[in-house]
Amino acid sequence: MKPHGYALDATFAALADPTRRAILARLADGEATVTELAAPFDISQPAISKHLKVLERAGLITRGREAQRRPRKLEPRPLAEATDWIERYRKIWEANYKRLDAVLEELKGKQKKTVDALIEETKPKPRKRKAK
Amino acid sequence: MTKTGAVKITTPTDRELVMTRVFDAPRGMVFDALTKADLVKRWLLGPPGWTMPVCEIDLRVGGKYRYAWQNADGRKMGMGGTFKEIVRPSRIVTAELFDEDWTGGETLVTTEIVETNGKTTLTTTVRYSSREARDGAIKTGMAKGVEASYDRLEALLQA
């Protein structure tokens, strides 16, 4: 398989955390420094650094070479591999559920017929009306 | 307003996969379509090219179900499970396993069926035995996907 396949566990573990997902979303808009990344969160910079380390180990982000700023950058490939599978799974179930829609439409049609038949049956029939 | 059509997939914990879809039908009907064999075999077919020659469902707690699929090219796939909980028309819990066990042991599948204003939200939670099992299943899924693409490529080259 692809060389990056083994890292999927790390990818999913990294994605399980909402702060880390927010960091990735921010980096999708362009590279950013640790300070910039920490700004929108109500947590300490060391805590952000910890999250960044997890993302780095999962291969989801890399560091820029600029000595001072060392901006973090999104690495799209591992993320694409994880979402590829989910996307395939989703497509299979989309096809299944589309067929299920058709089955349900048919059931609704049948039920309506039954209800209509019942209404017809319970209508008072003029000939059976009791004479006073 | 609940929107019908789109399948939503999330991984809320490290051993779960959750799938949500809204249907334009009352939940009793959705429950039937999920649990009556003659209805299930009409829609639970997966990717194009597959049929479902085996679909047996013994709908009671402790009862078993057995599904098997066949592809036009001769490939086969099967799975079986046991009903752990049945609350008509709102909830089904099963333990299931593919014959090829590509999920790293049994998965616990919880199906929740909720109706709002005549529309039904179906939520399926698949709980794997461990994070490794879930990610393993995902990897196998990827490998299978790659394999399927190669199969198609091969068919194309032979044509």
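Modeller: Start with a hairpin: E3(B) and E4(B) form one, with six residues between them. In the turn, B:Gly62 has a positive phi of about 90 degrees. Helices (H or I, at least four residues) and strands (E, at least two) are DSSP runs, numbered from the N terminus. This is a predicted model: local features need pLDDT of at least 70, side-chain atom pairs count only at pLDDT 80 or more, and totals for chains, interfaces and linings use all residues. Residues are numbered from 1 along each chain as its sequence is written, and chains are lettered from A and ligands numbered from 1 in the order in which they are written.

Biologist: In what sense do strands E3 and E4 of chain B pair?
Modeller: Antiparallel, over six bridges. Strands pair if DSSP finds at least two bridges between them. Strand E3 covers residues 50-57 and strand E4 residues 64-71.

Biologist: Which residue in E4(B) is the bridge partner of B:Trp50?
Modeller: B:Asn71.

Biologist: New topic. Where is B:Asn117 found?
Modeller: In the loop between strands E7 (107-116) and E8 (119-127) of chain B. B:Asn117 has a positive phi of about 50 degrees, although it is not a glycine. Most residues other than glycine have a negative phi.

Biologist: Is B:Asn117 buried or exposed?
Modeller: Exposed, with 6 other C-beta atoms within 10 Å. The cut-offs on that count are 20 or more for buried, 12 or fewer for exposed, and partly exposed in between, with C-beta atoms placed from the backbone.

Biologist: And which peptide bond is cis?
Modeller: The one from B:Arg88 to B:Pro89, with omega near 0 degrees. B:Pro89 lies in the loop between strands E5 (76-87) and E6 (91-98) of chain B.
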